[in-house]
Each structure stands twice: as C-alpha cells, then as structure tokens.
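Let's take a walk through this structure, a stop at a time. Have the model open as you read.

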2 protein chains.
Amino acid sequence: MEHAKIILTGDRPSGPLHLGHYVGSLANRVRLQHEFKQFVIIADLQALTDNYDNPQKVHDNVLQVGLDYLAVEINPKKTTIFIQSQIPEIAELAIIFMNLVTLARLARNPTVKTEIAQKDFGESVTVGFTVYPIHQVADILVVKGTIVPVGEDQLPMIEQANEIVRSFNRIYNQPIFGEIQPLISAVSRLTGTDGKAKMSKSLGNAIYLSDSADIVAKKVMTMYTDPDHLRVQDPGKVEGNTVFTYLDVFDPDKAALQGLKEHYMRGGLGDVALKKRLIEVLNAFLDPIRTKREQLAKDPAYVMQVVKEGTLATREVAAKTMQQVRDVMKLNYF
Amino acid sequence: MEHAKIILTGDRPSGPLHLGHYVGSLANRVRLQHEFKQFVIIADLQALTDNYDNPQKVHDNVLQVGLDYLAVEINPKKTTIFIQSQIPEIAELAIIFMNLVTLARLARNPTVKTEIAQKDFGESVTVGFTVYPIHQVADILVVKGTIVPVGEDQLPMIEQANEIVRSFNRIYNQPIFGEIQPLISAVSRLTGTDGKAKMSKSLGNAIYLSDSADIVAKKVMTMYTDPDHLRVQDPGKVEGNTVFTYLDVFDPDKAALQGLKEHYMRGGLGDVALKKRLIEVLNAFLDPIRTKREQLAKDPAYVMQVVKEGTLATREVAAKTMQQVRDVMKLNYF
C-alpha cells in the first residue's frame, strides 16, 4: 500500500509564538503547504501535561497560536489547523498504541530522558508526561501523517513512532499506516536574545511575533554581541555575535550585511549602530505579520471559526482512520 | 454535590465466565441490580493489554461474556451492559487522568506490582499494561460510578482511583466526581478444582457456566479432596477439602450437607460418592443457566442488540460526563 505524503506538525499552546518558531517551523509550513497536504495540530492536551493546573492559560493560547498561524500566512485553504482535544480518536489510538511499546523502551527514548532532566521533574514526573511520545504518534497517525518536520534532537521520537507503525501493521496484518519520514529543517533553531542555544518562552529570551516595534527595540538593545568589543573603534567578532546571527537570518540585503560585518571586524562600528540596523530589519520583517495579526485579533470569532472548520475536517479523517483500526483489531461489533 | 450511588463493574472478555465469576461477582450483580443503577463493562481494550496479538479471541469472547450475563439473569432492563472500546470518552478521560498520577505512584500500586510479577513480564511489560489502573478509573468515572465491587486485594486500586477523584475535583475546582466506595463481597473467591486459591482460566482449574453436564462431572471427578483419605472406611478431613468447599457454596440442602460432613469425618463415605453428590448439586445449579444460555446462543444477534443498546445508553452518559470535564478544564472552544 502506497501512503500519501501528508505532513503533520504543530505547537503546544502554552504561549504566543516567537521568531524561533518562525525560523524553525512556521516559515517551512508556509512553503510546504503548497507542496503537500498539511495538518497543523494545536496540541492543547500535550500542553496540559505540564500545565494541568493552569487550563485557562492553555485555553487562551489556542487563540493566540491561531492568530500567529494566520498572521504568518498559513493558509487555511491549504493547511488544516485543528485542536487536539477535539479529536477523541487521538486518545483512542494513543491507548491502543500503549500496548505496542514497553515501559523500558519508552524510558530509553533520549528525547524524553533529556526533557525529564531539563524540567527537573525527579520523582514527580507524571504518567501523562512520560507517555506523551506515544500520544504524539497518535497525533501523527490519526491523520495518516507520513512527513514530520523535526529538529535533529527529535529523531529518536520518529524512530519510536516508526516502531509503533511497524508493530501495528505486522500484528494486525494490514499496512494501515505508512512509515514516517522526518523532514529536518536547515535552520532548525534560532539563538535566544541572551545568546543561548535556543529561543524559548521559559528562558525569557524570546522575541514574539506579536511584540510591538518598541518591545522589539528594547529586546534587541539587551542582546548579546561580542563581550570583548568595548569601544567603538575596537575590532569586534562576528562569529558567536547574536546580533549578526539574527541579521544573517533576517536581513534581506546580504551585500550591505557583508559590508557591516567587515566594518565591525576592522573596528569603528558600534554595537548601538549595529543593533539599530537589526531593529530596523526585524521590524520590517514583523510589520506585515503584526498588521495582519492586529486585524485578525479584532475578530477572534473568525479565527476560531477557521480552527473549527479545520477541526471538523480533521474529525472526518480521524473517524476514517479509526474505522480502519477498529476493523483490523476486530473492535467492530455492531 | 451529592453523588448518586452508581455501580460500575465488569469483566475482561478473554474467555467465558466460570463458577468463580459467579460466586465472586455475577451473583452480586443479579442481586444489586434491584437496589442500584448498575453498569457492567465488557472491557475489551483491557483484555487487549495482554492479548494485543490475538484480537479475534477478544472479539469472540465479547459475545460469550454477553451470553453468560444474560444466562445468569443479569437483566438488561435493570443493568446497562456496554463495550469499553465503543466509548471513546473512556480513552479521553484516561489520557487526562494520566496527568494527575506520577509514574512513581503508579509503580507503587501493590495490585499492579503483584500482577506484573505473576505474569512474569520482566522487562517486557508494556505501557498499556502499566497504565491500566488509570484506564480503569476512567471506566468507572465516565459513568460517574461511586460503588465498585472488589476483592480485598483490589483495595489499592480504589485508593488510587480516589486520589485521582480528589486531585481532579481540587485542581479543576468542581466536585464533578464522587469518591468511590469499595463493596467487598463476602465470598470473593472460589477455590479452583485443583484446590488452589483461585479459580482461573489460565490455571486450567475452572468450571465454566457453559460447561456441559458431562464436562462438569469429569472436572469434579479430578477434584482435590483429602490426600490422606485413602480407603472408604478411613476418617477424612472436611477442612481444605475442595469438594466440601464447593458443597458449602452450592448445596442448598444444608442439613443433608452437615450429615455428609459428619459421615466423611467418621469414615465410610468414599470420595466418589461425595463427588457424585457435588456433580448432582452443580448440575442442578447450572441446568437453568445452561438452558437459558443455549437458547440465547441460537440468537447471537439478540445478545449483541442488548449490548448495543446498553452501549448507546452508556455513550449518552459518557458524553455528558465528558462535557462537564471539558467545561471545567476549559477544553471548550467552539
């Protein structure tokens, strides 16, 4: 059985999206929606695994993430946006897949081990957080996803997913699910404003798509440059200089950027002047996104209607998948 | 909020039911259905946790268990019989409850520890088997169950369930679920025909409700009596003598039984004569059940219709429960 090329990707609605999301995934989605059938999941249940005591936050961020999607030109005519908790078939599949994974195998998943260590759960790690890789496989397979954009660090998740695909198809003797191909993005991560490896809400080093021009300016002014570049006339380093990292990504005028780099390296270009250029570049980039987002934010009902339509369309696909699963597992009685 | 008294009980459809099920639970259900609202779950997904590679067996035993229920006079007008896999809300609740339990707490559950040891899973214990206590809480709470008939050994399961009830009600700030009361049955277990503590399909020491009179006779003839009772004229022991254990439970003529015991203890009553009495008693007990079961087995569509109606009624209840859960967890968007 040939499986169609279908993308599943998405986000946890635990906060608005930032430039790191844009560079790492949103830009890809906008491009890929013209090439493939694409589903984007707003994974509210997954957000609840570590926000279970703050459901209002998760609820409110569903709209924020929806606004971000439409603002960056994810096109609902091309991309199906849906909310995880509204698709009961995902929970059903997750429960079924849990029989196909040993607890020992799950505990060996390096992505999960790293996250559990990072979040400093210790003994308090919940069952929900532990099993989320299986839940995530259900997210993908419920829409028959076969392509999943990931960072390098998430490759073990794809391997675990494919073990489930192979086990299911073998045990129930029907190639219902196709193996999942990871799509590794070239620029998978954007450095945070503090120079740390990853822009992230929890590290407080993020520039949001919804930040105003003033806030962007303030955040850029705090950015990490070359700590040895003390006086304007000193030569400065470009490598590892976060401002240049951002300019590399966002400045459309590559010739002018090359000129700036040379000027900085030989001395005479101050950090403030450099940052002003980045503020200009970022705000030029963000202006159309912000304008569209502000317009959309005036009509949240429209945004939720788009998400509702995507969710209803996904439920139809999910119901078909679940019917096939019921058939091969003999869970059809009536 | 006062919670109604609602019973949730049921079986895994991994084989037909036996006398141990009758004594331990079916007889209670027939009695309790006149006193309480009662739901009986045919837990096919739970049966799949250790039969995931044999779905046909689980499928076929749903009908067998349905036949057993109706044959012992579980009355579908009084008791709602439903199939677990047909209620997606159970999977949804299970996924949600997994956030309220730590992995460490789950691993400490003595009932689960014992079962994992008994089944000799070792490293191969699946995630599905590990999390089934949480899945079971979802079975109970999806119908707002507040009374669960259990054996003493299952009390830790009820305690774990009530931890989830309390956590959920506290975190989401609404007393949606009532605490669960265990109902410990007086005769919770019937010894197997081999004299071992528990009658069980896997131990091969069971007399099934569907066994013919001949098979019952053969099984009784192999039963464990008093190993020191070698000749008819020798005095024999009543205590620990499985044949007497069964007569104590099933012989309606308690005076005659007392006579038999005295005769056996003073000597002169042979094991064959004693077993013939038990065969007579068991077949007299099983005859009406078998007759009804044979009649019903001619019309499996009727049995499945009864189960279907129960399942549809349960879905209505489950949908209401899930709506309340969605409301308090802010998982309502449209």
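Is Asn173(A) buried or exposed? Asn173(A) counts as exposed, with 9 C-beta neighbours inside 10 Å; the cut-offs are 12 or fewer other C-beta atoms within 10 Å for exposed and 20 or more for buried, with partly exposed in between and C-beta atoms placed from the backbone. You'll find Asn173(A) in the loop between α9 (155–171) and β5 (181–184) of chain A; helices here are DSSP runs of H or I with at least four residues, strands runs of E with at least two, numbered from the N terminus. Its phi is near 60°, a positive value in a residue other than glycine.

A quick word on the ground rules. This is a predicted model, where local features need pLDDT of at least 70 and side-chain atom pairs count only at pLDDT 80 or more, while totals for chains, interfaces and linings use all residues. Residues are numbered from 1 along each chain as its sequence is written, and chains are lettered from A and ligands numbered from 1 in the order in which they are written.

Now look at Lys144(A), in the loop between α8 (132–142) and β4 (147–150) of chain A. Phi of Lys144(A) is also near 60°, but this residue is buried, with 20 other C-beta atoms within 10 Å. Most residues other than glycine have a negative phi.

Next, chain B. Leaving aside neighbours within four places in sequence, Phe97(B) is in contact (C-beta atoms, placed from the backbone, within 7 Å) with Ile134(B), Val137(B), Ala138(B) and Ile164(B).

Notes: Contact = placed C-beta atoms within 7 Å.
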